Amino acid sequence: MAKVVLDKLEKSYGSNKILRGISATVEDGELVALLGPSGCGKTTTLRCIAGFEIPDSGVISIGDRDITTLLPEQRDIGMVFQNYALFPHMTIFDNVAFGLRMRKRPPAEIRDRVRHIMKVVGLEGFDKRYPRMLSGGQQQRVAIARALVIEPMLLLLDEPLANLDAKLREEMRFYLKKLQRDVGITMIYVTHDQSEALVLSDRIIVMFEGVIHQNAGPEDLYRHPATLKVANFIGLINFFDAAVRELGPDAAVVQTSFGTLRCGNYTYDNLKGKDNLKVGVRPESITLTAHTPKPGDENVLRGTVAEKIYIGNMFDYRIRVSEQGDMARIQTTPAVDLPVGGACTLSFSAADTILLPE
């Protein structure tokens with residue numbers, strides 16, 4: 001069983017504290033992303049799990065086995081690196097077979113397992129080629145095959161798609177998701193790319209400055225961010241200063257520079273006694289029209305189109321919503337075509353209005 005438990009991991013380099021009590025559980029068969037900006041501690045966490053770093057304190061276990069201080073080769077873990085780390089002088093077959101040969105497996109077993117895993121990753125018939133003959137995406141699949149062929153309990157991936165172009169990177173996201181489901185292996189995936197984490201993961205652990213801010217499924221993370229940092233890091237969002245006028249367990253009324261808003265997306269206990277708040281709404285949750293407000297709409301405000309950018313499948317608008325210069329960003333289909341400088345109406349539901357302490 002490849003259930004992974006991190007218990008209060010601490011790691012420092014001199015006076016620089018990288019991990020500050022990291023605790024998390026990755027269930028058997030899950031694909032969990034460690035997500036955050038550069039320097040947040042996600043790669044250090046992965047390196048501690050792999051055995052390339054030893055934490056100053058805390059425990060790492062796989063199943064019922066404490067691996068905290070074991071050598072990397074004793075951990076039964078596969079690793080896929082950002083730069084692929086293929087041997088240029090070896091054929092693809094020999095690259096994939098390398099780990100099995102280091103484990104002194106019989107030649108017949110090596111042949112059968114390498115051919116099987118190359119079929120799994122879609123590289124059947126590539127045995128005699130060299131890495132230089134393959135595309136970036138194919139090289140990445142060789143690196144994945146080399147990690148999987150040893151049948152590890154856990155697969156670690158350190159920003160494995162970072163060197164691919166945008167279109168190939170998108171294709172590889174869906175490929176990795178399908179591969180993980182087909183193989184059923186537990187994976188921990190480090191990335192700073194929020195869309196990559198949302199597409200791939202069963203759960204996402206968001207880190208800032210060596211601390212976990214939220215550990216949740218992709219949809220829950222996007223719709224119900226726990227902190228302002230998480231909300232700003234995951235997707236686009238409009239935030240405005242707000243003060244509470246009414247606060248209850250299910251709904252709140254807040255005052256902004258452009259009027260009152262009704263909010264329904266927040267955690268009551270997090271807001272009790274807090275004065276400085278931020279109210280946020282995702283661009284796709286806002287309906288933009290040139291019409292006057294409809295009676296009964298929950299949150300409605302008037303604005304002026306300040307900027308309009310065509311980005312292919314949609315318009316990206318900046319709408320001025322207050323005399324103080326507050327701007328809202330809204331993305332719509334080309335069917336909503338408003339002129340710059342024109343008046344407009346914005347509306348959104350209380351359920352889509354996120355309220356967080358500043």
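Okay, let's start with a question: which side chain meets Arg318 in a salt bridge? It's Asp316, with N to O at 3.0 Å. Keep in mind that this is a predicted model.

What I like about this pair is the surroundings of each partner.

Let me step back to the annotation for a second. The UniProt record, an unreviewed entry, puts an "ABC transporter" domain at residues 4-234. That span is 36% helix and 26% strand, and its end C-alpha atoms sit 25 Å apart.

Now, back to charges. Side chains of opposite charge can pair when their charged atoms come close. How many salt bridges do we get here? The count is 19.

Two more pairs to look at on the screen. Arg101 bridges to Asp94, and the closest N and O atoms are 2.8 Å apart. Both ends are partly exposed: Arg101 has a relative accessible area of 38%, and Asp94 has 25%. Then there's Glu109 with Arg105, where the closest N and O atoms are 3.2 Å apart. Glu109 is partly exposed at 22%, and Arg105 is partly exposed too, at 37%.

Key: Residues numbered from 1 in each chain as written. Predicted model: local features only at pLDDT ≥ 70, side-chain atom pairs only at ≥ 80, totals over all residues. Heavy atoms only, no water. UniProt positions renumbered as here; feature names shortened; annotations may be inferred. Helix = DSSP H or I, 4+ residues; strand = E, 2+ residues; numbered from the N terminus. Salt bridge = Lys/Arg side-chain N within 4 Å of Asp/Glu carboxyl O. Buried < 20%, exposed > 50% of the residue type's maximum accessible area, 1.4 Å probe, protein only.
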